[in-house]
Amino acid sequence: MPSIAIILTEVIKLIRFAECENVTIVRIGTCGGLGLEPGTVVVTSEAVDGQLRAEYEQLILGERSSMPTQLDPQLNQELIRMLRPEDGFAVVEGRTMCATNFYEEQARLDGVFCTYQRDDKINFLKRLYDAGVRNIEMESMVIAAFCRRASIPAMVVCAAIVNRLESDLPTCKPEDMKAFEKRPQILVARFIKQRLQPI
């Protein structure tokens, strides 16, 4: 998360220096899904950590400071309405678990270090699912917290490339992976086009 925190801080500074108005920040990409068919697009309602806390915590002058990580439900619904019946994929809104690393914190079994067994992993992921978490990625907490703090609307829109309840790694074909990666882009492009239309 440090990289996205640095980048986002610089972007917000540029937005302010340029005196931009009516800005919306959107993170698009891929993620691990929870209980979802690969290719499903997940729109984040709020970002949580591995303890299901919906707050981003950082140290400021040695003191802990926390910021809420909820995203705008109306903005999310505006994006979800961009889905068309002919698109052939599903879009869901749900909580996103944001991890600070790629392996243990995401309950993967394929890292260098692993202090748990497969059953422990599945139990943890099921606990996340039961709490409304539908995907896992690594940027949503900073985006939600910083954009809220800066009063900039934001969305996190990711395509699930694997169902983490079944596998740690994607098993889809390369051509399917490319198609999955485009799905958030399709929705966000329609959202931008609609926003740019004169009233």
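I started with the cysteines and counted 0 disulfides, taking a disulfide as a pair of cysteine sulfur atoms within 2.5 Å. Before going on, a note on what I'm looking at: this is a predicted model, where local features need pLDDT of at least 70, side-chain atom pairs count only at pLDDT 80 or more, and totals for chains, interfaces and linings use all residues. Residues are numbered from 1 along each chain as its sequence is written, and side-chain values use heavy atoms, with hydrogens and water left out.

My cut-offs are under 20% relative accessible area for buried, over 50% for exposed and partly exposed in between, with a 1.4 Å probe and protein chains only. Cys172 is in no disulfide either, and the nearest cysteine sulfur, that of Cys31, is 12 Å away. At a relative accessible area of 24%, Cys172 is partly exposed.

**Barrel**

Next, the strands. I take helices (H or I, at least four residues) and strands (E, at least two) as DSSP runs numbered from the N terminus. Which strands close into a barrel? I get 5 of them, in the order β1-β6-β5-β2-β7, with mixed pairing; two strands pair if DSSP finds at least two bridges between them. Neighbouring strands of this sheet are turned by 50° against each other on average, direction ignored. For angles, axes are lines fitted to C-alpha atoms, for helices over the stretch in contact, and values run from 0 to 180 degrees between N-to-C directions. Helix α5 (residues 174-196) packs on the sheet and touches β1, β2, β5 and β7. The direction of α5 makes about 160° with that of β7. Contact here means heavy atoms within 4.5 Å.

I then followed β2 (residues 41-48), where 7 of the 8 residues are buried. β2 runs parallel to β5 (residues 91-98), joined by 6 bridges, and Val43 has Glu93 as its bridge partner in β5. With β7 the run is antiparallel, through 3 bridges. On that side Val41 is partnered by Ala159, and Val42 stands opposite Cys158.

Is Arg95 buried or exposed? Buried, with a relative accessible area of 18%. Leaving aside neighbours within four places in sequence, the contacts of Arg95 include Ser45, Glu46, Ala131 and Asn135.

**Cores**

Last, the nonpolar cores, meaning sets of buried Ala, Val, Leu, Ile, Met, Phe, Trp, Tyr and Cys residues joined through side-chain atoms within 4.5 Å. The largest has 25 residues, and Leu8, Ile25, Tyr56 and Phe146 have the most contacts inside it. Elements giving two or more residues to this core are α1 (2-17), β1 (25-33), α4 (140-149) and β7 (154-163). The largest share, 7 residues, comes from α4. A second, separate core has 13 residues, among them Val43, Leu79, Leu187 and Phe191.

Back to α4: 8 of its 10 residues are buried, including Met141, Ile143 and Phe146. Not counting residues up to four places away in sequence, Phe146 touches Ala5, Leu8, Thr9, Ile12, Tyr56, Gln58 and Met67. After α4 comes Ser151, with a positive phi near 60°.
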